[in-house]
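Me: I would like to learn how to read a sheet, strand by strand. Can you walk me through one?

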Amino acid sequence: MDGLAFVTAIRDTGANYAPIGTFVAFALTTIERGHIVATGVPGPQHYNPLGVVHGGFASTLLDLALGHVSISVLRDPATGVATTDLNVKYLRSMNASTGTVICEATVVHAGRRIVVAQAELRDAGGTLFATAQSTCIVLGPQP
């Protein structure tokens, strides 16, 4: 199964689902090769000592989405990816009343050895909370 089929199976069956996704209520909603939409739900369990959602919530959700979108472009079922760089820009804070947030991730470059992707994290009204870019190295057999 190629990367797109693998990510689709995660959504459709929960197979090989990343356990950390349960911490942020990660759910895949739209999957295309090189583009995914996922959701998460911030809550009081994610608060930092200042009473707002810790930045780790956004970075975890963004990292999950970026990793899954990077996998979606893999054509060889014997390959995988590993994140080598994650750059997150926090633009505003979240709290429990923010509600479900939507993470849209897109592949910018898919080479033989490197996949670069970007993502945005917004609420249902379109307010932008964070952006991110990642670089993943392709693991496994190379042509």
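**Reading the sheet**

Reply: Start with one residue pair. Ala-119 has Ala-132 as its bridge partner in E6. Keep in mind that this is a predicted model.

Me: Which residue in E6 is the bridge partner of Val-88?

Reply: Val-88 is also bridged to Ala-132 in E6.

Me: How many bridges join E3 to E6?

Reply: Count along the pair. Strand E3 covers residues 80–90 and strand E6 covers residues 128–139. The two run antiparallel and are joined by 10 bridges.

Me: How many bridges join E5 to E6?

Reply: Nine bridges join them, and they too run antiparallel. E5 spans residues 114–123. As a landmark, Glu-120 stands opposite Thr-131 in E6.

Me: What should I know about side chains along a strand?

Reply: The general idea comes first. Side chains in a regular strand alternate between the two faces of the sheet.

Me: How many residues lie between E5 and E6 in their hairpin?

Reply: Four residues lie between these two strands. Look at Gly-126 in that turn: its phi is positive, about 95°.

Me: Which strands does the other hairpin join?

Reply: This hairpin joins E4 to E5, through three residues. E4 and E5 pair over nine bridges, in the antiparallel sense.

Me: Which strand do six bridges join to E4?

Reply: That is strand E2, residues 35–40. E4 itself covers residues 101–110, and the two run antiparallel. Here Val-37 stands opposite Glu-104 in E4.

Me: In what order do the six strands form the sheet?

Reply: Now put the pairs together. The order is E1-E2-E4-E5-E6-E3. The sheet is open, and its pairing is antiparallel. At the edges are strand E1 (27–32) and E3, each of which pairs on one side only. On average, neighbouring strands are turned by 20° against each other, direction ignored.

Me: Which helix lies across these strands?

Reply: Look for helix H2, residues 55–72. H2 lies across E1, E2, E3, E4, E5 and E6. Its direction is at about 140° to E3.

Note on methods
Residues are numbered from 1 along each chain as its sequence is written. This is a predicted model: local features need pLDDT of at least 70, side-chain atom pairs count only at pLDDT 80 or more; totals for chains, interfaces and linings use all residues. Side-chain values use heavy atoms; hydrogens and water are left out. Two strands pair if DSSP finds at least two bridges between them. Axes are lines fitted to C-alpha atoms, for helices over the stretch in contact, and angles run from 0 to 180 degrees between N-to-C directions. Contact means heavy atoms within 4.5 Å.
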